[in-house]
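Subject: A structure for you to look at

Hello,

Here is the structure I promised to pass on, together with its sequence. Please have a look at it first, and then read my notes below.

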Amino acid sequence: REARAHLNEQFTRRSAEKTYLAVVTGEVEAEHGAVELAIGDDPGSRGERTPGGRARPAGPPGVTLSLRGARRSGRSLLELRPRTGRQHQLRVHLASIGHPIVGDKLYLGGDALFLRSLEGDLGAEDRARLGHDRQALHAWRLGVEHPATGRRIVLESALWPDLAELVAGSRR
């Protein structure tokens, strides 16, 4: 219980360092960058959140982006470090700069495609547009203070094989 409480506190204080990998549409030009947009609900959508939508959250929204690998086949691999933890934050920010996450049925496909996916009614054109069966987003690295020793530790998770293939360009 104490260890869990200590770890939860790190997430609350935002001292836990989260790093994600994402395969996004388009060949991102910049090597590094940041997206600084507040996120709120999109009043015209059944599920989307948008930059600046209603119900703007308090606090400094943002995510740091770094190009992690090669740009190829109209895609880029990005390393993402969110500074806050808003719902859909990474997905919204990437879509807002014109690089939605490959396979994201909501932010790449929009409401109609998303609703078709919920009904299990995706066609070949939908699947081609998405480029992958699921979101190409991976929780890669987590840095936290060890609850017992107080030392900083970094935990890392290898890419799932389907995402590794997507990154390598062998799977479309």
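The side chains of His132 and Asp162 make a polar contact, at 3.0 Å. Do keep in mind that this is a predicted model. As for where to look, His132 is found in the loop that runs between α4 (124–130) and β7. Is His132 buried or exposed? His132 counts as buried, because its relative accessibility is 6% and the cut-off for buried is under 20%.

Next, the inside of the protein. Searching the whole structure for cavities of 30 Å³ or more turns up one, and the space in the largest cavity comes to about 30 Å³. Two or more lining residues are given by each of β1 (17–25), β7 (137–145) and α5 (161–168). Which of the elements has the largest share of that lining? That is β1, with three residues. Sorted by class, the lining holds nine nonpolar residues and one polar residue, with no charged ones.

Last, a look at helix α1, which covers residues 2–13 and so has 12 residues. From its first C-alpha to its last, α1 reaches 16 Å, close to the 16 Å expected at 1.5 Å a residue. Arg14 follows α1, and the phi of Arg14 is positive, near 65 degrees.

Enjoy exploring, and do write back with any questions.

Best wishes

Methods: Residues numbered from 1 in each chain as written. Predicted model: local features only at pLDDT ≥ 70, side-chain atom pairs only at ≥ 80, totals over all residues. Heavy atoms only, no water. 1 Å grid on protein atoms, 1.4 Å probe; cavity = no way out; pocket = protein on both sides within 12 Å on 5 of 7 lines; lining within 4 Å. Points joined across faces, edges and corners; volume = space filled by probe spheres on them. Helix = DSSP H or I, 4+ residues; strand = E, 2+ residues; numbered from the N terminus. Nonpolar A, V, L, I, M, F, W, Y, C, P; charged D, E, K, R; others polar. Expected span 1.5 Å × (residues − 1). Buried < 20%, exposed > 50% of the residue type's maximum accessible area, 1.4 Å probe, protein only. Polar contact = N/O pair within 3.5 Å; in protein donor to acceptor, adjacent residues only side chain to side chain.
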